[in-house]
Amino acid sequence: MNLKSAFLFSRRILFSKSSGTSVAKKSLAGAVLCIGISLVPLVAIITVSNGMIDGITERLISLSSSHLEATCFSKNAQVLEEASLVAKNIPGVTTAYPMISSPAMAMAGKNRCGVTLRALPKNIFEEDSSYKKLFSTEDGNISDFAADEKGALIGKGISERLGVKAGDTIRVVNVISNQSEKNKTGDAEFSRNSISVRPSISSYKICAVISCGYQELDSLWLFVGFDEGKKIMGAAQSVNAVMIETADAFSPELSSLQKKVQGILGGAFRVYRWDQLNRAQYENFSSTKILLVFIQLLIVLVACVNISSALIMLVLERRREIAILKSLGASESGVSTSFLLVGFSCGVAGLLFGIPLGLFLSVNINSVVHFSEKVINFGAQGLYFLAKGDIMNFREIHLLDEAYYLKEIPVEIPFGELFFIGFLTLGLSLLAALLPARRAGKQRPLEILRTTR
């Protein structure tokens with residue numbers, strides 16, 4: 001019994017009209033359905049998690065830590081500006097700009113919240129490609145920021161907490177430290193450096209409310225011009241750095257570029273890579289994705305086991321046909337191959353059903369989530385009204401809270417991982433079919449023909 005004969009027998013098993021009411025064939029159809037359904041969430045998880053992780057990582061790299069961050073020990077603004085000009089001319093660096101960052105408190109009316117005050121060059125939101133791509137304007141005009149010396153840009157999260165919009169004025173309180181050469185007693189014997197700390201209150205007009213789509217960042221940042229930021233250079237808790245971007249944050253040459261920048265800028269700076277600054281968060285994303293994928297693969301494995309039970313029933317139903325084939329000279333391996341092909345066909349059918357449906361769900365994930373939220377909130381509102389008799393205090397349910405996820409889920413189709421899932425599913429299908437196939441091949445035709453009619 002050659003491969004062609006095995007293929008013909010397996011096709012007869014799958015598409016024979018006489019066995020349309022076969023319990024075993026219904027079980028095979030159920031196994032195909034289970035494989036397909038188990039693949040749908042697996043494909044969606046891989047696609048959505050890749051897009052989500054890449055989207056959040058891109059914002060952390062481009063907007064928070066940059067590709068390289070050269071932290072300066074000096075509080076002199078001129079040192080930062082000169083270093084940024086030097087860094088721009090280093091081969092491999094696409095752009096570099098100075099940045100001052102300091103914790104502060106923003107106030108508007110009776111509302112107040114903690115913010116991270118960031119002083120950047122005024123033109124960065126219009127000239128830097130990352131800022132132009134990732135930031136969107138929620139209210140106001142971002143171009144007014146460059147023209148207004150006392151203008152500021154605030155994140156959407158801060159705007160909501162303070163209850164302000166473009167055109168309003170906010171006050172910002174931060175701490176400035178001054179260093180003197182003598183202590184307060186004026187005694188020369190005890191003369192030494194001393195540090196005095198005083199609060200500084202500044203007022204800024206909100207030019208625009210902006211958002212990068214990631215609320216964890218939007219709820220922290222308040223941007224002012226670099227010249228305005230020079231006023232807080234004396235703050236002991238301020239971070240003064242040169243932010244450096246390259247052509248590719250994931251380039252294997254980034255480590256060597258880090259050493260080169262460190263050598264050129266000198267001991268007044270300490271240069272860090274983005275993965276050093278965001279290591280914990282990035283590893284948390286990766287481990288969460290691996291755990292989710294592992295759980296879904298276990299579900300696929302269980303679905304493939306259904307093939308084994310269905311084939312065992314199929315072997316019992318086809319015992320007479322197996323006996324006739326073996327009486328005519330069919331080999332044990334040929335019969336086993338036929339049933340292996342049946343199991344393999346179930347895996348292929350499950351892939352053809354599950355992967356396209358999973359990709360369709362992934363591509364339309366934002367619409368699916370929004371529609372699901374509307375349906376859930378509609379039902380929850382009804383239950384809340386029946387229980388409380390009041391719908392005004394009902395709080396909407398969000399499946400993906402914007403405080404922890406991106407506002408819009410970016411979709412990235414990982415073809416390499418999908419091919420791996422396909423091969424793994426087919427391999428599990430063959431593995432599940434192996435035992436019943438061997439059992440079919442070892443059937444004894446004489447005993448079967450004696451006991452069956």
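Helices and strands here are DSSP runs, helices of at least four residues and strands of at least two, numbered from the N terminus. The model on screen is predicted.

**Whole chain**

Start with everything shown. The protein has 453 residues, and buried ones make up 44% of them. Its secondary structure consists of 17 helices and ten strands. Colour by surface next: the accessible surface is about 23,800 Å², and carbon and sulfur atoms account for 59% of that area. For contacts between residues at least 6 apart in sequence, 81% link residues that are at least 24 apart.

**Stop 1: α2 and α14**

Select residues 23-65, helix α2, together with residues 332-363, helix α14. The two axes come within 7 Å, crossing at roughly 40°. The crossing is right-handed. Show the side chains where these helices meet: 18 of the contact residues are nonpolar and seven are polar, with no charged residue among them.

**Stop 2: S66**

Now move to S66, which sits in the loop between α2 and β1 (68-72). Is S66 buried or exposed? With a relative accessible area of 1%, S66 is buried, because the cut-off for that class is under 20%. Check the backbone too: phi of S66 is near 60°, a positive value in a residue that is not glycine.

**Stop 3: Q258**

Select Q258 in helix α10, residues 254-265. Which residues does Q258 touch, not counting those up to four places away in sequence? They are L68, V271, Y272, R273 and Q276.

**Stop 4: Q237**

Finish at Q237, in the loop between α9 (226-229) and β9 (239-246). Relative accessibility of Q237 is 33%, which lies between the 20% and 50% limits, and Q237 therefore counts as partly exposed. To end, draw a distance from the C-alpha atom of Q237 to that of V175. The two atoms are separated by 8.3 Å, while the residues are 62 apart along the chain.

Methods:
Residues numbered from 1 in each chain as written. Predicted model: local features only at pLDDT ≥ 70, side-chain atom pairs only at ≥ 80, totals over all residues. Heavy atoms only, no water. Axes fitted to C-alpha atoms, helices over the stretch in contact; angles between N-to-C directions. Left-handed = near helix turned anticlockwise from the far one by under 90°. Nonpolar A, V, L, I, M, F, W, Y, C, P; charged D, E, K, R; others polar. Buried < 20%, exposed > 50% of the residue type's maximum accessible area, 1.4 Å probe, protein only. Contact = heavy atoms within 4.5 Å. Areas by Shrake-Rupley, 256 points an atom, 1.4 Å probe, with all protein chains shown as cover.
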